Structures are given as structure tokens and as C-alpha cells.
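Work through the exercises below with the model open. Try each task before reading its solution.

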Amino acid sequence: MPLIPCPDIRGIVFDLDGTLYIAPDFAATIQDAAADYMAGVMGVTPDEARQLMAAARSRLAEASGTVQTLSAVCNSLGGSIRELHAFFEERLRPEAYLTRDQRVIVQLERLRERFALYIYTNNNHALTRRILACLGLEGMFSHIFAIDDAWRPKPDEQMLEQVMAATGLAPSELLFVGDRYDIDLRLPEQRGCPVFLSQNLDQLLRLEGLLTASTSREKNRPLHKEMKR
Ligand SMILES: [Mg+2]
């Protein structure tokens, strides 16, 4: 993996699910809960809902040429993203699946000394808070941007503009980190932001080293001294 090429980075925007933690069992319960919700909407069994959702996902992906989010799939089948998230909040138990990884905590603590850290997620605020508590990452982030801010799931240009404006940083100063290029990184990259695809723990844990190497090599002044926050 090459060094992250931008020496100007002052802030990092992380995706949450699949990026700051990987938990296939918990991801499966999210899909199950979504199928249960959509079964109620469509008046079918959860298994039928699962099949209809898989077909919708393929159809949408083929039409758009990109990977599709759960939000988009639910929307296309007549579901409401708000209701889906109310269902998630009631149903999902991240506490039963997620545990702390001290290596991730240490890396984020170190990054936080040099960069403003943010989360931008298609999850909702309540679950994001619970997930971060499970991971031991509460309080690490300057701001959390979640789906219930505007009910505009990623990828979304308008929401991205709002996120970028809220950080007060220029595109070249804002690194986006996520596990799905089409969802998390394509639009930020088009806007001129550096991006880093992280799909497993090894990649996530390499981030600080890549940034350290790129900033110390290309910069002759400590980044944290320039930061206002
Ligand atoms: Mg993700």
C-alpha cells in the first residue's frame, strides 16, 4: 500500500461499520433485522423479504454500476429509512457482539493528538453511540455525522458538502477512510479529498504509520502545531 500522498491532512473522516470494527456476526444480525422489517412492509415472510432484497440489490447495482446500500435497497422496495432505523434501534444489540481492541484504541488516541477525527456513517446516532461505547472509542471524535442528521444515506453529494463544511477544512486537508469505495470514498475523492480504503484490521492499523511516514517525509513542521482543534 503506498503512502497516503497528501502532506496537508488535518482531519480524518471515518466510516463506522466495517471500518472501525469488523464483526460478521453483527453484520448478519443487521441484515436479518432489515429483512424482518421489510417482511412487515411487504407482507411476506422474512425469507421471502431476504430474496426480494437480494434481487433488488442486484437490479439496482446493475442499473447504477455501483454497490448499493441497505438504505437504497429498502427504499426501492417501499420501506422507510426512518422506520428501518427505529426498528434497528429497538432490535440490534451491538453489546452482544462487539468488544474492545486495544490496538485500535491506541491508534485512534495517537491519531487524535495530530488530527481532528470525525465519523460519517449510514448508521444512526443512537446505535453509533452504543457501538463506540462497546469499542471503547467514545469521546474520540470531534463530531459524528449520522443518517438521522438528514436521512440522506451515503453516497450523497449534498450531505458530503455539509460534512466537509462542518469540519472547516479544505478537501486536501480531509482524509476519508472507509471499507466500501463506492459508498464511502468515491464522492470524497471526486471532490479532491485523499481517501484510504480499509477493509480489515491490518489495513486500519497501518493508517497511522502511513500518515506518519507521509507527513514526516514531506513536511518539515509538526502538523499538530498548526491545528486549531
Ligand atoms: Mg462501512
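Residues are numbered from 1 along each chain as its sequence is written. This is a predicted model: local features need pLDDT of at least 70, side-chain atom pairs count only at pLDDT 80 or more, and totals for chains, interfaces and linings use all residues.

**Exercise 1. The two domains**

Task: State which residues form domain 1 and domain 2, then describe the side of domain 1 that touches domain 2.

Solution: 
1. Take the bounds from the domain assignment, which is automatic or from a database. Domain 1 covers 11-23 + 99-226, and domain 2 covers 24-95.
2. Count the contact residues (two residues are in contact if their C-beta atoms, placed from the backbone, lie within 7 Å). Domain 1 gives 16 residues and domain 2 gives 17.
3. Find the elements involved. Helices are DSSP runs of H or I with at least four residues, strands are runs of E with at least two, and both are numbered from the N terminus. On the domain 1 side, helix 6 (125-135) and helix 8 (181-190) each supply at least two residues. Helix 6 has the largest share, with five residues.

**Exercise 2. Strand 2 and its partners**

Task: Which strands pair with strand 2, and in which sense?

Solution: 
1. Apply the pairing rule: DSSP must find at least two bridges between two strands.
2. Strand 1 (residues 11-14) runs parallel to strand 2, joined by four bridges. Here Ile-12 stands opposite Leu-117.
3. Strand 3 (residues 143-145) also pairs with strand 2 in the parallel sense, over three bridges. Ile-119 faces Ile-144 across this pair.
4. Check the cover. Strand 2 (residues 116-120) has four of its five residues buried, where buried means 20 or more other C-beta atoms within 10 Å of the residue's own, C-beta atoms being placed from the backbone.

**Exercise 3. Ala-39**

Task: Is Ala-39 buried, exposed or partly exposed, and why?

Solution: 
1. Locate the residue. Ala-39 lies in helix 1 (residues 24-42).
2. Count its neighbours. Ala-39 is partly exposed because 18 other C-beta atoms lie within 10 Å. Exposed would need 12 or fewer, and partly exposed falls between exposed and buried.
3. List contacts beyond four places in sequence. Ala-39 touches Val-44, Thr-45, Pro-46 and Ala-49.
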